Number of protein chains: 2
Amino acid sequence: MSGAETLQQIVLAQYCDGVPKPSDFRLETAPLPEPKDGQFRVAHVWCSVDPGTRSRLSGGDSYAAALPLGKPIDGFSVGVVDASSNPDWPVGTKVFCAGGWKTHSIQSGKGFIGKVMDVPGVPLSAWIGVLGVPGLTAWFGMKDVARFKEGDAVLVTSAAGPVGATAGQLAKGWGASKVVGVAGSDEKCRWLVSEAGFDAAINYKTASDLSGAIAAEFPKGVDVLFDNVGNAMVDTVLPLMALNGRICISGQVADYNLKPEETPGIVHTKPFITHRVNMQGLVVFDFARGFPEALGSMAKMIASGALKIQEDRFEGIAEIPEAFCGLFRGENSGRRVVKVGAE
Amino acid sequence: MSGAETLQQIVLAQYCDGVPKPSDFRLETAPLPEPKDGQFRVAHVWCSVDPGTRSRLSGGDSYAAALPLGKPIDGFSVGVVDASSNPDWPVGTKVFCAGGWKTHSIQSGKGFIGKVMDVPGVPLSAWIGVLGVPGLTAWFGMKDVARFKEGDAVLVTSAAGPVGATAGQLAKGWGASKVVGVAGSDEKCRWLVSEAGFDAAINYKTASDLSGAIAAEFPKGVDVLFDNVGNAMVDTVLPLMALNGRICISGQVADYNLKPEETPGIVHTKPFITHRVNMQGLVVFDFARGFPEALGSMAKMIASGALKIQEDRFEGIAEIPEAFCGLFRGENSGRRVVKVGAE
């Protein structure tokens, strides 16, 4: 079979134990599926790797439904319709969708799928990055969960990641009094300040006293903590929260690989009472009705240069496991996307 | 000096280390203060002891401002104006106020003070119980922080305490689909079900598997956790929360005596994302504008028998330290009030 006639996909070879490794996954080929009535086929151009996927790779339904062995891994893709039995989605339509770690997916137009808006200056890959789940998580997490308001002093963690970088830039654009990022290298910190317009950035790996470094940046306390790290980070920042502060739990990348008995606990809970701190997480699909407005706004911001994006590109579907596993080593600067087909 | 001419008060003799003990306190007498212009004097009839006071007795400003050694302890009182230079508060007015652990206090009409409403069938002591901070905490915690809505399945901890018992009864009266209490003795559990109208009660001291016992009562998950215990309880219930569940941190009686390094941590934080759980505490004074409405409603409920109150009465100001310290041994059933003067 030629490449054009087969589908390639990454499947779960064995359940992950702790930090995922490439050998937990396997590349498989299958016959290219044909769309039935009402369906259409998307030839993926880019696939994304997301830290949140980790929570479904341990076997057992702890929180999210576990993926079974041998099944392709879920993930987000952007591509072009290359076969269609659905007049609303003709051949040539550019779409983003929950296509999985595959070269092609069959879609019906339901669930998480949308048409790529034609905004000059916005790369196609952005539609699984800032214009995909990461950007939407940043938008609705900051606006609806953290209930951002003008003048808030905002701390963003994993700030150089696609969610954090977007969250911080949105807050800044919406009138934050200060936006500070926490990231894992001097290079990431420099990018945050010089490119993404953060007021300051703290390298947590070299800070001798992370709590003290954050406190120094927030003499009046943190109004919004937008956290992508997990319990240890939340526990560090809680005593520094301002009155009526809000914590948005956007992600927990440091905790995804840990068993409950290994997971750090949040101890400093008194500010929930004394400072009326509010904490909540989000699943971005709850906000689906607002996606078109958010995507349209962010696409324009990217095109105008008001929202900087940073991508970490890989080439070829076989690279997906390595790209994914590297997320947990903090290697990535920006959104990790893997090219799996021609644009 | 005769008793009528002196003020008696309980002062902090030494900072509490761990569980408070009566010798941390001292009874003192002082000359009876006279009200200046605009002031008036309240002869306290009842004083209350509140677990939350513990957080201010360790010295050092950790969260709440620490009380200095030798100073009288803050607390709530209900009594009668017995001297006045303020025409709005004439002699004979019955008031509740933040009077402290004293036989008398000087007030100006500002801060936490109000006139006792004349509702037949409501004992004066109720105005520092269900009609004081505990009841108001239950009311606003359930209504505004937990955002209770009809049909919610509600779990209340320290349910036989004055806050918990009120919170559960209010939820039941407002249309909860189920109200379950967690308490520390079979006698308390019996009172909750047979008197206070809870649907079920769990004795956490004898339950071999508290999490399993709660799960069995909530097959569809807990919509509202109204917690008065602290981190360990929150951590136990978090995995049992329903989608869009809300946790009101009303009190942390199990944690007040612990140093941060001894305090249990909240580990099971994934439901904040997967189940969009929201968690917040409260300081009831934020809701002061709503006090008259809440107090009026609850007074009528008490008078009609719709809201049961349970009091644990002590006699004489010298008993306050013992009454307070016993709170941390889980001895009390209902609100602990100490009679310090004639009605």
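**Aromatic rings in a predicted model**

B:Trp174 is partly exposed, with a relative accessible area of 27% (buried means under 20%, exposed over 50%, partly exposed in between, with a 1.4 Å probe and protein chains only). This is a predicted model, in which local features need pLDDT of at least 70, side-chain atom pairs count only at pLDDT 80 or more, and totals for chains, interfaces and linings use all residues. Residues are numbered from 1 along each chain as its sequence is written, chains are lettered from A and ligands numbered from 1 in the order in which they are written, and side-chain values use heavy atoms, without hydrogens and water.

Ring pairs
- Over all chains there are 30 aromatic pairs (Phe, Tyr or six-membered Trp rings with centres within 6.5 Å; planes under 30 degrees apart are stacked, over 60 edge-to-face, the rest tilted).
- B:Phe112 and B:Phe285 are edge-to-face, because their planes stand at 75°, with ring centres 5.3 Å apart.
- This pair ties together parts 173 residues apart in sequence, since both residues lie in loops of chain B.
- B:Phe112 is buried at 15% relative accessible area, whereas B:Phe285 is partly exposed at 39%.
- B:Trp139 and B:Trp174 are also edge-to-face, at 5.1 Å centre to centre and 85° between planes.
- B:Trp139 is buried, at 7% relative accessibility.

Cluster
- In chain A, ring pairs link A:Phe76, A:Phe96, A:Phe112, A:Trp127, A:Phe140, A:Phe285, A:Phe287 and A:Phe291.

Charges over rings
- The charged end of A:Lys115 sits over the ring of A:Trp89, 4.8 Å from its centre (NZ of Lys or CZ of Arg within 6 Å of the ring centre and within 35 degrees of the ring normal).
- B:Lys115 lies over the face of B:Trp89, 4.8 Å from the ring centre.

Note on methods:
Helices (H or I, at least four residues) and strands (E, at least two) are DSSP runs, numbered from the N terminus.
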